[in-house]
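Morning, everyone. Please have a look at the chain on the screen before I start.

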Amino acid sequence: MSGLGNWWDSVELWVTGLPFVPQVVVVMVVLVPLAAGIARLLDIVLAGALRLIGRGDPSVEPEAGVVPEQLEVEN
């Protein structure tokens with residue numbers, strides 16, 4: 001664990017030693033894909049959790065005039 005901490009400290013010192021514009025570029029190149037990946041992962045996990053508790057995809061609307069007991073559940 002100390003090896004990971006030392007590596008992170010060296011990366012942090014390297015980034016903070018850069019001029020402002022390269023700092024922004026490096027942070028954006030790393031953080032934008034990382035944040036997008038985390039958001040996608042959370043979306044998948046949340047959709048699965050909602051499906052497990054019986055809350056399906058809200059974009060799928062039941063047919064008009066059909067009460068919930070008449071809907072066929074797809075497994």
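Which residue with a positive phi follows H2? Gly54 does, with phi near 90°. Some ground rules: this is a predicted model, where local features need pLDDT of at least 70, side-chain atom pairs count only at pLDDT 80 or more, and totals for chains, interfaces and linings use all residues. Numbering runs from 1 along each chain as its sequence is written, and side-chain values use heavy atoms, without hydrogens and water.

Now H2 itself. Helices here are DSSP runs of H or I, at least four residues, numbered from the N terminus. H2 covers 20–52. Still, H2 has a kink of about 25°, centred on Met28. That bend is the angle between axes fitted to the seven residues ending there and the seven starting there.

The cut-off is a Lys or Arg side-chain nitrogen within 4 Å of an Asp or Glu carboxyl oxygen. The structure holds 1 such bridge. Why can the two partners meet?

Next, aromatics. The whole structure gives 1 aromatic pair. Trp7 and Trp8 form it, at 6.1 Å centre to centre and 50° between planes, so tilted. Pairing takes ring centres of Phe, Tyr or Trp (six-membered ring) within 6.5 Å; under 30 degrees is stacked, over 60 edge-to-face, the rest tilted.

Note on methods: Helices (H or I, at least four residues) and strands (E, at least two) are DSSP runs, numbered from the N terminus.
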